[in-house]
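Dear colleague,

Please find below the structure that I am handing over to you. My notes on what was found in it follow directly after.

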Amino acid sequence: MPSSVELIQSLINGVGIGLVYGLVAIGFSVIYNASGIVNFAQGVFVMLGGMFAHTLLTTLGIPIWLSAIVSTIAVAGVGILVQILIITPMWVRKAPLFAIILATLAIQLLIEQIIIITLGDQPRTFPSFTPGGPLKIGEIALGYQLFWILGCGALMVYALTQFFNRTRMGRALRACSQNAEAAALLGIPVNRMLMLSFALSAALGAVAGILITPTQYTAYSVGGPFGINGFIAAIIGGFGSAPAALIGGIVLGVVQSGAIVFFGAGFKNVVALTVLLIVLLFFPNGLFGGLAKKA
Amino acid sequence: MTTASATPLIAVSELAARYGHIHALHPTSLYVAPGEFVTILGPNGAGKTTLLRAITRLIASSGHITFNGRDVTGLKTHQLAELGIIMAPEGRGLFGDMTVRENLVLGAFKAKPGELSGRLDKVFTLFPRLHERLDQIASSMSGGEQQMLAVGRALMADPKLLILDEPSLGLAPRVASEILSTLGLLNKEGLGILLVEQKAPLALKLAQRVYILSSGSIQAELPTNQIKSYHDLARYYFH
Ligand SMILES: Nc1ncnc2c1ncn2[C@@H]1O[C@H](COP(=O)(O)OP(=O)(O)O)[C@@H](O)[C@H]1O
Ligand SMILES: [Mg+2]
């Protein structure tokens, strides 16, 4: 049996990584709700966030806060490019949704290859945003980066909720997700809104990647695992609101950390996928029912 | 009303659309003059919705469209809306999970912030019920209230031409005539209206001209003052 210190420590770590999954999950949900597309290139935005920030920070010596902002904007730009170059042309040609989803998978692989060629295949990391730590409470150690993850995660969800409920563009995005034709009939440029959703999702992924890199590492290949875990979190959350996706991420993160403590690292994904199947069996529309609305 | 010389508000020429091999709309021409109320009548499956969806570019079609004399054939749905061609679609197309207020505000997506409250006031004057239900979720309202919201939301967009696809469908006659009368009122103020209905005597009474659509083609075009009874139209329905 693991000790209580081990348990609490893993719970806390689980919440941290879970928030990161949650941000990726929100990214999945934003695009899915705007278009019905499951963007399997979501994980690649996480990878690009970490890789860009690392390059700006270590190669160009730009301070971390500025590296983070510039990287996030650059990755949002990549998201827009994906939408303009691949998604919209397929959309206009009335490609089946399934083909578009396959294309996002190809985009993920393509971008990974471009990163190997340009930045290399070696894993890399950068230090925590604030030096020092960890904070010790009894035997429990809390790395400073965890607080950055908690703070930024909470801030992002708050800002997103405000955006979707209070702003003209946010409302228009929700309108497109509920009835794109009706939105277009009112003068809302649906395609521009799809572009906005890609930019937003990519930025969310980038923030996740920048936040998590100091606690582990980044490399061309981290997009896959983050994408899959974010996808599972999105399903648990039901592809609905930002808070629902975030809770889906935290549930997943905590369950995974628990699985590592109880059964060993090898069981991390076994337990995660089991949780996913249990959720789908008993809550087929996600824990918050969001999937019921779309289909 | 003679309009042959004046520039029509909207003129559609040889518009045709199909679903795969099914020609749902044969080349069709029609117009609405400025300030005119035009009704298109036709039985279920006649192609009325197809025609309106082709006009608003929700489906691809051949043919030409001019609006206020300008060729708008190449424009997209949202660009036509910006020019003032606003449709309350079949089935109302409400944002069901949103409140009445949010639906209305979205109607004014293209408005300047200063224009919002004036437009809201106007809609509340026409449909006081919407004012009482501002914070209600759209899908939880009665059918009549939902249709009022669909029309109200379209009005929030400040239409120059208001297109409506069977607004009275599924409503109690009293509620339907309440909504249609409001359209008459708006037309008196100068708004161009293109209304599609299956059968609605009031829709005939309000309109200045009526087109009869059946089997994907216009069978007749009549000034409404030449129609003595509703049954006069029946012979056009079966072709
Ligand atoms: N999406 C579609 N796919 C195939 N056929 C359709 C579609 N929509 C309508 N139709 C067919 O086109 C014809 C006209 O339909 P519609 O325009 O909806 O008629 P109306 O609005 O007058 O009832 C009908 O025969 C209908 O079955
Ligand atoms: Mg119809």
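A:F262 is partly exposed, with a relative accessible area of 43%, and A:F263 counts as exposed at 53%. Here buried means under 20% relative accessible area, exposed means over 50%, and partly exposed lies in between, with a 1.4 Å probe and protein chains only. The ring centres of A:F262 and A:F263 are 6.3 Å apart and their planes stand at 45°, so this pair is tilted. Rings of Phe, Tyr and Trp (its six-membered ring) pair if their centres lie within 6.5 Å; planes under 30 degrees apart count as stacked, over 60 as edge-to-face and the rest as tilted.

Please note that this is a predicted model, in which local features need pLDDT of at least 70 and side-chain atom pairs count only at pLDDT 80 or more, while totals for chains, interfaces and linings use all residues. Residues are numbered from 1 along each chain as its sequence is written, chains are lettered from A and ligands numbered from 1 in the order in which they are written, and side-chain values use heavy atoms, with hydrogens and water left out.

Over all chains the structure holds nine aromatic pairs. In chain A, ring pairs link A:F28, A:Y32, A:F40, A:F231 and A:F239 into a cluster.

A:L19 belongs to helix 1 (residues 4-35) of chain A; helices (H or I, at least four residues) and strands (E, at least two) are DSSP runs, numbered from the N terminus. A:L19 is buried, with a relative accessible area of 6%. Leaving aside residues up to four places away in sequence, A:L19 touches A:I149, A:L150, A:G153, A:L246 and A:I250, where contact means heavy atoms within 4.5 Å. Between A:L19 and A:I115 there are 96 residues in sequence and 26 Å in space, C-alpha to C-alpha.

I turn now to the interface. In total, 20 residues of chain A are in contact with 23 residues of chain B. The two chains, A and B, bury about 1,900 Å² between them, 65% of it on carbon and sulfur atoms; buried area is the accessible area (1.4 Å probe) that two parts lose on being put together, summed over both. Of the area that chain A buries against chain B, 37% is supplied by A:Q178, A:L185 and A:L186, more than by any other three residues. Two salt bridges are found across the interface of chain A and chain B, a salt bridge being a side-chain nitrogen of Lys or Arg within 4 Å of a carboxyl oxygen of Asp or Glu. A:E181 forms a salt bridge with B:R53, with the closest N and O atoms 2.7 Å apart.

Over all chains, the structure holds 14 salt bridges. In one of them, B:R209 is joined to B:E36, the closest N and O atoms being 2.7 Å apart. This pair links distant parts of the chain, 173 residues apart: B:R209 is in strand 9 (residues 209-214) of chain B, and B:E36 is in the loop between strand 2 (22-32) and strand 3 (37-41) of chain B. B:R209 counts as buried at 7% relative accessibility, and B:E36 is buried at 2%. The charged end of B:R209 also sits over the ring of B:Y31, 3.9 Å from its centre. For this, NZ of Lys or CZ of Arg must be within 6 Å of the ring centre and within 35 degrees of the ring normal. Likewise, the charged end of B:R153 sits over the ring of B:F95, 4.6 Å from its centre.

Another salt bridge joins B:R133 and B:E145, whose closest N and O atoms are 2.9 Å apart. B:R133 lies in the loop between helix 5 and helix 6 of chain B, and B:E145 in helix 6 of chain B, twelve residues apart. B:R133 counts as partly exposed at 25% relative accessibility, whereas B:E145 is buried at 6%.

B:T49 is buried, with a relative accessible area of 18%, whereas B:E90 is partly exposed at 41%.

With kind regards
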